[in-house]
Amino acid sequence: VQLMVEGLQASPNKSVQLLVIAALTDVATVMRDYEELFLQKVKELVIMGGLKPLDDTSKFVEPDTAYNNNCDMKAASYVYQRCQELRIPTLTISRYAAYGCPIAVTVLESLCETEHMVAHNIKGVSVNSIDSLWKKVNYPEDDPRREKLPARCDRTWFCRTFFGTDDTDKNADESIWSLLENLNMYDPLALMACVPAYREANFLWDTKYVNGTPHRIAGVSQTQNGIVDAAGMSDEMAALFTLGFRNSMQNICQ
């Protein structure tokens, strides 16, 4: 929180584009305790999360059960509502957008062939994360080991999301990594949405205006995922990952 406050204090007015790719707890704290500073410095929030359906029956846009929201729903609700009251635009990238343009696991494998330590670290974290998620979805809905995982995220959801089938012969204690063909790029998509050129060319937005301020979301459903060209976006992300690793290795060698 203190780092965020210091960053805001050092920034020009209305210059900060705040990217949120985890729970909104810290953002809510800063907004609550340093509201004047937040309003003065922040021009937009870009959030990896999700919203309830946009319609005219609700005065405000409201967070849905996306994992990042669910980790601290009270904070998520506060941030969205206060942004609308203060006329701070929000831009939300939903899970449906991530589902709509995954990248092939082979992209990550090819990056690991460079022996770049970051590539290997990313793969290790990815394997552990997906296997941990696999275990959680196999627990009963009321099992505390599921932590903040929404109730909709069960074994069937996992198989449909990652394999396109209703089930697999793997049990909960086995690694599921070998069955994966694609990976959902939640955070990279949110980062790309921060760049105006990518935002306008690659995403389809649904918008609700509150107090004259736009609150936009990419991906309102499985069939309306907010992605203009899924294959093109996947290829673009793969190319950016490769370019980033190549450039970092060139810098090391110079």
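Which residues does Lys208 touch, not counting residues up to four places away in sequence?

Tutor: This is a predicted model, in which local features need pLDDT of at least 70, side-chain atom pairs count only at pLDDT 80 or more, and totals for chains, interfaces and linings use all residues. Residues are numbered from 1 along each chain as its sequence is written, and side-chain values use heavy atoms, with hydrogens and water left out.

Leaving aside residues up to four places away in sequence, Lys208 touches Leu54, Asp55, Asp56, Ser58, Lys59, Phe60, Val61, Thr213, Pro214 and His215 (contact means heavy atoms within 4.5 Å). Lys208 is buried, at 12% relative accessibility (buried means under 20% relative accessible area, with a 1.4 Å probe and protein chains only). A polar atom of the Lys208 side chain lies 3.2 Å from the backbone oxygen of Ser58, one of the residues that Lys208 touches.

Lys208 belongs to strand β6, residues 206-210 (strands are DSSP runs of E with at least two residues, numbered from the N terminus). Strand β6 pairs with β7, residues 213-218, in the antiparallel sense over five bridges (two strands pair if DSSP finds at least two bridges between them). Within this pairing, Thr207 of the one chain segment stands opposite Arg216 in β7. The hairpin of β6 and β7 has two residues between the strands, and Asn211 there takes a positive phi near 55°.

Terms used:
Helices (H or I, at least four residues) and strands (E, at least two) are DSSP runs, numbered from the N terminus. Buried means under 20% relative accessible area, exposed over 50%, partly exposed in between (1.4 Å probe, protein chains only). A polar contact is a pair of N or O atoms within 3.5 Å; within protein, one must be able to donate a hydrogen and the other to accept it, and residues adjacent in sequence count only if both atoms are side-chain atoms.
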